[in-house]
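Here is a short briefing to read alongside the model. Take a look at the fold first, and then walk through the notes below.

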Amino acid sequence: MQIVHSIRLKGPWDYLREGGESPAAGRIKLPARWSDCFGDWTGAVAWTRRFQRPTNLDPTERVLLCSPPIEGLRKVLLNDVELPLPAEWDREFRIDLTAQLAPSNLLTIVQQLDTATADSSTPAPVVLEIWRVEA
């Protein structure tokens, strides 16, 4: 396979915190420090970002979600369907999204952290990579 194009999903990202603390939801451009977003709050956060299906995809092209390691990663969803995570999700990983893409998509990354371990970790911008499969 050969990479053809990449699209950085920098933001803004919406977030929704589990629990009733205020503010429970908001919008932020990533990457950002956990403490800058949430102070000393501990818990789970669902980060969401909308994106459009890349246009003019050739039948030999695949769209992969590429992510750096995400501390405390619980799950990744595309259009509310949980994606299987690679066994080594604590490293950079790629997930083929091609078959699940709709014209408009919602990517959700759920992260569980506490302030004792979350000095600087929120999801860094993930990337959509378009790869051409060689015949």
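The protein chain has one helix and 10 strands, where helices (H or I, at least four residues) and strands (E, at least two) are DSSP runs numbered from the N terminus. Along the sequence, the pattern reads β-β-β-α-β-β-β-β-β-β-β. Please keep in mind that this is a predicted model, in which local features need pLDDT of at least 70, side-chain atom pairs count only at pLDDT 80 or more, and totals for chains, interfaces and linings use all residues. Residues are numbered from 1 along each chain as its sequence is written, and side-chain values use heavy atoms, with hydrogens and water left out.

**Confidence**
- The chain averages a pLDDT of 84, with 86% of the residues scoring at least 70; pLDDT is the predictor's confidence in each residue, from 0 to 100.
- Confidence is lowest in helix H1 (residues 34–38), with a mean of 74, and highest in strand E7 (residues 81–82), at 96.

**The six-stranded sheet**
- Six strands make an open, antiparallel sheet ordered E3-E2-E4-E9-E6-E7; two strands pair if DSSP finds at least two bridges between them.
- Its edges are strand E3 (25–28) and E7, each pairing on one side only.
- Strand E2 (residues 13–17) runs antiparallel to E3 and is joined to it by four bridges, and Asp 14 stands opposite Arg 27 in E3.

**The four-stranded sheet**
- The order E1-E10-E5-E8 describes an open sheet of four strands, again with antiparallel pairing.
- Strand E1 (2–9) and strand E8 (93–96) are the edge strands here, each pairing on one side only.
- From one strand to the next, the twist averages 30 degrees, with axes fitted as lines to C-alpha atoms and angles running from 0 to 180 degrees between N-to-C directions.
- Four bridges link strand E5 (residues 61–67) to the antiparallel E8, and Cys 66 stands opposite Arg 94 in E8.

**Core and packing**
- The largest nonpolar core has 31 residues, and those with the most contacts inside it are Trp 13, Phe 38, Trp 47, Phe 51, Leu 97, Leu 107 and Ile 109.
- Such a core is a set of buried Ala, Val, Leu, Ile, Met, Phe, Trp, Tyr and Cys residues joined through side-chain atoms within 4.5 Å.
- Elements that each supply at least two residues of this core include E2, H1, E5 and E8.
- Trp 13 touches residues including Arg 27, Trp 47, Leu 107, Ile 109 and Val 126, not counting residues up to four places away in sequence; contact means heavy atoms within 4.5 Å.
- Of the 135 residues, 41% count as buried, meaning under 20% relative accessible area (1.4 Å probe, protein chains only).

Definitions and conventions: Buried means under 20% relative accessible area, exposed over 50%, partly exposed in between (1.4 Å probe, protein chains only).
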